[in-house]
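Subject: Structure handover

Hello,

Here is the structure I said I would pass on.

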Amino acid sequence: MQVHKYDVVIVGAGGAGMRAAIESGQRAHTAVLTKLYPTRSHTGAAQGGMCAALANVEEDNWEWHTFDTVKGGDYLVDQDAAEVMAKEAIDAVLDLEKMGLPFNRTPEGKIDQRRFGGHTRDHGKAAVRRACYAADRTGHMILQTLYQNCVKHNVEFYNEYYVLDLLTVDEEVTREDGTTYMQKKTAGVVSYDLANGEIHVFQAKSVVFATGGLGKIFKTTSNAHTLTADGMALAYRAGIPLEDMEFVQFHPTGLAGLGILLSEAARGEGGILRNSEGERFMERYAPTIKDLAPRDIVARSMANEVREGRGAGPNKDYVLLDLTHLEPAHIDAKLPDITEFARTYLGVEPYTEPVPVFPTCHYAMGGVPTTVKSEVLQDNDTIVPGLFAAGEVACVSVHGSNRLGTNSLLDINVFGKRAGLAAAEYAATAEFVDIPENPTAFTENQLNAMRASTGGERTATLRAELQETMDANMQVFRSEETIKEALAVIADLRKRYKNVQIQDKGKRFNLDLLEAVELGFLLDMAEVMTVAALHRKESRGGHYREDFPERDDENFMLHSMMYLDPESSTDGTNGIRADTKPVVFTRYEPMERKY
Amino acid sequence: MSTPTKEAAEPASKIDMKESGGGGEVPSFDVTIQVRRYDPEFSDEARWDEWTVTMYGTDRVLDALHKVKWEIDGSLTFRRSCAHGVCGSDAMRINGRNRLACKVLLKDLDLSKPVLVEPIKGLPVEKDLIVDMEPFFQSYREIMPFMVNNSPAPTGERIQSPEERERFDDTTKCILCAACTSSCPVFWTDGQYFGPAAIVNAHRFIFDSRDDAGDMRLEVLNDKEGVWRCRTTFNCTDACPRGIEVTKAIQEVKRAVLTRSM
Amino acid sequence: MTTTKSDALLPAQGIEAPRSGRIDPKYLRRGSSKSSSFEMAAWVFMRVSGAALVVLIFVHLAVNLLVGEGIHQIDFGFVAGKWANPVWQFWDLTMLWLAMLHGGNGMRTIINDYAEKDSTRVWLKSILYLSVIVIIVLGTMVIFTFEPCLLDNAGQLLESSPSFCQNV
Amino acid sequence: MWSWVGHRITGVGIFFFLLVHVLDTSLVRVSPEAYDAVIGAYKNPIMIVGEIGLVGAIVFHAFNGLRIILVDFWSQGTRYHRQMLWAVMGLWVITMIGFTVRHLMLFLDGWGGF
Ligand SMILES: Cc1cc2nc3c(=O)[nH]c(=O)nc-3n(C[C@H](O)[C@H](O)[C@H](O)COP(=O)(O)OP(=O)(O)OC[C@H]3O[C@@H](n4cnc5c(N)ncnc54)[C@H](O)[C@@H]3O)c2cc1C
Ligand code: HEM
Ligand code: SF4
Ligand code: F3S
Ligand code: FES
């Protein structure tokens with residue numbers, strides 16, 4: 001066991017992690033631990049843009065942006081956080097520009113902006129150009145620019161170091177009124193060096209989690225193979241609750257089977273969705289605007305077609321995006337990406353053939369609860385000193401129950417920066433917390449058990465079954481019945497997980513072993529997500545319950561908070577305690593979400 | 001998003017639903033894949049392993065590797081993440097050419113022979129298809145891949161015309177996959193050459209109108225291991241999965257070094 | 001960096017972040033030629049000399065092999081005849097220098113590419129430089145000190161001498 | 001890549017030929033007989049094939065060298081490097097046909113046999 005000591009340890013080198021590292025690295029002794037080379041992080045896959053009310057091309061202001069964010073999130077957004085984000089958006093974009101990000105430019109040489117779904121002027125009057133972009137590679141440019149600046153500031157990276165445990169200690173703290181409670185404090189993290197299988201302990205005053213999303217819980221996803229909910233699971237196992245985990249965004253047009261994203265523009269340009277009979281089925285679900293209905297409606301309609309047996313393809317598990325009636329020249333001019341993806345990956349020629357599509361898991365709105373200063377909460381109002389989170393892993397909550405396009409790249413920059421600053425600031429005055437005795441015991445036992453197991457179960461099989469059941473039961477349609485079905489499968493998989501046997505017995509680059517560990521994260525988070533969905537008996541944003549199709553502000557205008565609690569047993573689920581947290585309102589009253 | 005276009009276009013669809021619609025089998029085919037294996041923990045010798053797996057129409061080389069890893073031999077080791085050509089993890093030699101495994105469809109390969117998969121050349125192999133990327137990133141870091149601008153920052157953005165922005169657009173696409181550098185015969189010789197990827201990333205800043213450190217980068221690349229070692233073999237351009245005109249960028253840097261010293 | 005390095009050292013606190021900029025010295029670049037533009041000059045020279053050599057060599061080949069009787073005309077007299085003319089003297093001299101320097105530099109590049117060990121490289125390059133110098137010096141001397149009208153011991157013109165010798 | 005391999009091999013070949021060629025030419029300083037004797041060897045039929053090969057190498061190296069120079073200094077050079085390689089091959093074939101025919105004719109004309 002090797003022990004390192006840093007003021008600040010940042011876990012994850014995506015957009016959020018590196019933005020934090022740039023701030024923290026200049027102020028405190030900082031290390032960044034990442035399981036991937038920084039530039040491999042999934043922030044690089046984002047295309048559309050990053051929004052900020054720069055008003056470079058037309059009138060705009062941060063209040064309108066706040067409103068759109070709140071409304072887009074179906075009012076489950078903490079409005080103070082949304083205000084912070086919208087206000088700081090402008091500086092976030094300008095910071096990136098000064099770091100060298102090559103934004104597209106207006107003829108006057110300013111940062112160009114374009115329209116994006118849900119972003120409007122003056123509280124919904126008309127679409128506004130708010131998304132700053134760099135061609136269709138905005139995320140790529142953000143990731144590269146941040147990495148470049150980390151190189152510039154000499155940030156210390158530990159590449160291909162998997163963080164497998166968060167070390168905290170509990171201290172009894174006395175409140176002013178004399179009552180006491182158990183306060184968690186951050187001691188450090190345990191990590192695994194992929195190259196040689198060695199375990200390293202990092203003692204740190206501040207730990208920042210920036211480990212990204214959880215897309216691999218589902219089979220069809222736009223997310224990378226490596227997005228396995230690590231950070232959420234580690235926090236959760238350390239006794240930290242998870243907020244709003246039931247809310248997952250599904251994008252209607254992912255390439256079927258692969259999940260690779262096809263932008264909304266395909267339908268904007270006249271693309272038509274058809275079922276196996278060739279029927280333009282959106283006419284039935286949304287007679288007036290048809291294929292251009294909001295994302296969640298389109299996604300649900302597609303899923304319904306498949307469910308009712310009108311899916312196309314040998315397994316009848318997707319619908320078709322038909323562009324064949326459009327002029328090839330028009331397709332080339334407006335949808336170059338989509339045609340490129342369809343050709344490369346499905347071998348489909350969009351000029352003459354329909355493109356198989358299906359809703360794809362895209363983004364986790366929920367995560368580790370934090371304050372607007374990115375401090376992690378251990379309950380509704382107590383922070384964990386020294387623990388911070390930012391990016392997709394966190395839930396501030398600025399996205400509520402449904403994230404607006406381009407708000408995530410903004411989120412990682414605004415709250416990544418805040419987390420970096422707060423972590424360094426905290427480390428400047430705080431003392432190191434002693435690492436608990438035997439810090440690596442949990443990790444080593446887990447890994448050794450897996451290495452030694454002869455149970456015969458395969459990681460890939462279990463993972464596939466999990467993803468299968470999540471796609472079938474927890475995707476765009478949910479009901480008590482499907483949720484319970486998923487829970488049953490997950491419970492079974494958890495049992496079988498104990499018998500997972502790995503084949504690679506080596507120490508070097510043992511990805512076989514790590515995939516098994518990651519499956520554990522996925523199973524935990526799938527369960528939390530499912531239980532959270534079971535508790536939310538309403539439909540809101542990304543969460544749609546067929547048995548409760550309406551939004552119910554009276555009972556559910558609340559964030560959900562899921563705690564790991566072996567003692568608890570509610571609604572037939574063991575080990576998870578479901579609680580709630582009030583939503584913060586500042587200026588916008590809930591209204592019906594209608595565009 | 002634009003408004004719905006003319007409705008009348010609807011019936012003109014060219015699809016024959018019976019063909020692309022429901023029913024029928026997905027065409028499947030058998031693929032024999034041969035991978036160069038190496039794990040110094042167990043043997044100093046590299047060896048070839050061969051498997052035959054059943055794959056489907058849309059599967060890529062990465063899917064075949066996954067299938068082997070997940071269903072047959074869990075010790076087969078390679079890097080990957082995004083699975084759609086944007087993260088740069090999985091550059092490898094496929095049938096002798098540097099490609100991203102996630103961008104090569106199996107059906108586009110000649111499947112009458114085994115598909116040969118090897119690690120990229122010129123970097124030390126760590127295990128199976130994983131190479132040590134450090135020398136590669138070291139060269140990248142040496143060319144100062146970050147913007148340097150010492151003039152006082154304006155309150156707003158630094159102004160840059162669309163033309164000035166366009167000047168270095170091509171080289172901003174780089175995902176640092178190393179396909180280019182590890183296809184360069186000069187790099188293969190002794191691994192000392194900075195390599196095309198480092199030059200591409202220097203180019204991205206040298207030609208950025210907002211940057212002040214172009215001169216220093218040109219100085220770095222004027223080194224004996226710098227641009228002058230490029231023999232314009234174009235392997236890098238052919239290998240780049242992002243379609244960057246790598247050799248063109250290198251030539252522009254060479255010319256910039258020249259003009260600077262004249 | 002302006003870091004507050006926490007000095008309360010734990011056993012392994014001093015270890016450097018692996019694979020993060022502090023890499024195995026064996027991958028570090030060999031001592032580099034700081035701020036000398038030798039490689040650039042060599043590169044430019046290769047192109048300039050190459051362009052010049054095209055003309056020099058093509059004319060050389062044409063005159064020697066294609067005009068008149070071609071290869072059969074080449075003998076002592078032919079050479080002597082050519083070098084009696086200062087233009088050809090100069091022509092061949094330039095060709096000799098450029099070709100040797102061009103070829104020599106090209107060979108240097110190749111040695112740099114393939115010689116793995118420093119010692120081999122030094123050896124090969126020494127041999128190369130030596131042979132280039134020898135050839136250039138030798139060639140130059142031959143061209144300048146060449147005496148077309150050789151006499152035999154008896155003081156007679158050799159029969160292989162070019163015809164113009166008769167007139168002197 | 002293969003054009004580069006070709007360029008490199010021909011470059012080395014020519015270099016070694018040049019070493020020998022300067023040495024044999026130096027023999028003019030030694031004695032005409034010596035020179036004529038060695039040059040005589042070039043007039044051997046086997047050497048004729050060698051000469052054609054040598055000229056082929058020089059011509060390829062020269063044309064390809066010009067192509068490289070264009071790639072280096074012409075801003076569109078990198079776009080058209082393939083086309084230029086085809087042009088090099090084309091010119092090489094034409095030049096070599098011309099040269100070979102003329103060389104062989106001259107050779108046979110003046111060759112008295114063994
Ligand atoms: C296809 C696609 C398109 C998108 N387009 C847009 C868009 O146009 N606009 C927008 O605003 N948003 C978009 N998003 C969403 C947005 O890109 C992501 O939400 C955001 O980039 C997440 O950034 P992150 O820094 O939180 O995480 P990531 O970039 O995913 O980084 C996670 C990091 O954590 C590390 N890590 C994970 N687990 C561990 C562990 N156990 N130990 C150590 N390190 C670990 C990884 O190595 C990685 O470096 C898109 C998302 C996708 C998938
Ligand atoms: C006929 C006209 C010639 C032209 C136009 C020419 C052109 C060139 C050019 C441009 C290069 C540089 C290649 C690069 O940087 O990638 C080169 C390399 C070289 N040339 Fe020439 N050259 C000519 C004649 C010769 C001769 C006569 C010799 C032999 C003495 C020669 C030997 C070489 C060698 C050895 C190289 C190095 C090859 C390498 O590094 O791959 N060349 N030539
Ligand atoms: S230039 Fe192309 S091939 Fe080279 S590293 Fe960048 S993306 Fe990869
Ligand atoms: S492959 Fe190498 S030689 Fe130059 S053109 Fe590319 S860097
Ligand atoms: S897996 Fe990301 S580029 Fe292939």
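Predicted model: local features only at pLDDT ≥ 70, side-chain atom pairs only at ≥ 80, totals over all residues.

Chain B

Chain B contains nine helices and seven strands. Its C-alpha trace spans about 65 × 65 × 35 Å along the principal axes. Of its 262 residues, 61% count as buried. Among contacts in chain B with a separation of 6 or more, 65% are between residues 24 or more positions apart.

Nonpolar cores

The largest nonpolar core has 129 residues, and B:Val61, B:Leu65 and B:Val253 have the most contacts inside it. The element that gives the most to this core is helix H11 of chain A (residues 407–429), with 10 residues. From chain B, the core draws at least three residues from each of domain 1 (27–129) and domain 2 (132–146 + 162–257).

What does B:Val253 touch, leaving out residues up to four places away in sequence? Its partners are B:Ile199, B:His203, B:Ile206, B:Phe207, B:Leu218, B:Leu221 and B:Val227.

There is also a second, separate core, which has 122 residues. A:Ile217, A:Phe218, A:Leu447 and A:Leu466 are included in that second core.

The sheet in chain A

Chain A has an open sheet of four strands, in the order E11-E14-E13-E12, with antiparallel pairing. Strands E11 (248–255) and E12 (272–274) of chain A each have a single partner strand and stand at the edges, so one side of each has no neighbour in the sheet. From one strand to the next, the twist averages 45 degrees.

Inside the order, strand E13 (residues 319–322) of chain A and strand E14 (residues 355–364) of chain A run antiparallel and are joined by three bridges. A:Leu320 stands opposite A:Pro356 in E14(A).

Helix H8 of chain A (residues 295–307) lies across E11, E12, E13 and E14 of chain A. The helix runs at about 65 degrees to E11(A).

Annotated spans in chain D

For chain D, an unreviewed UniProt entry carries the annotation "transmembrane region" over residues 12–30, 42–63 and 84–108. In the model, residues 12–30 of chain D are 100% helix and 0% strand, with the end C-alpha atoms 28 Å apart. Residues 84–108 of chain D are likewise 100% helix and 0% strand, and there the end C-alpha atoms lie 35 Å apart.

Regards

How values were computed
Residues numbered from 1 in each chain as written. Chains lettered and ligands numbered in written order. Heavy atoms only, no water. Core = buried A, V, L, I, M, F, W, Y, C linked by side-chain atoms within 4.5 Å. Buried < 20%, exposed > 50% of the residue type's maximum accessible area, 1.4 Å probe, protein only. Helix = DSSP H or I, 4+ residues; strand = E, 2+ residues; numbered from the N terminus. Domains from an automatic or database assignment. Contact = heavy atoms within 4.5 Å. Pairing = 2+ DSSP bridges. Axes fitted to C-alpha atoms, helices over the stretch in contact; angles between N-to-C directions. UniProt positions renumbered as here; feature names shortened; annotations may be inferred.
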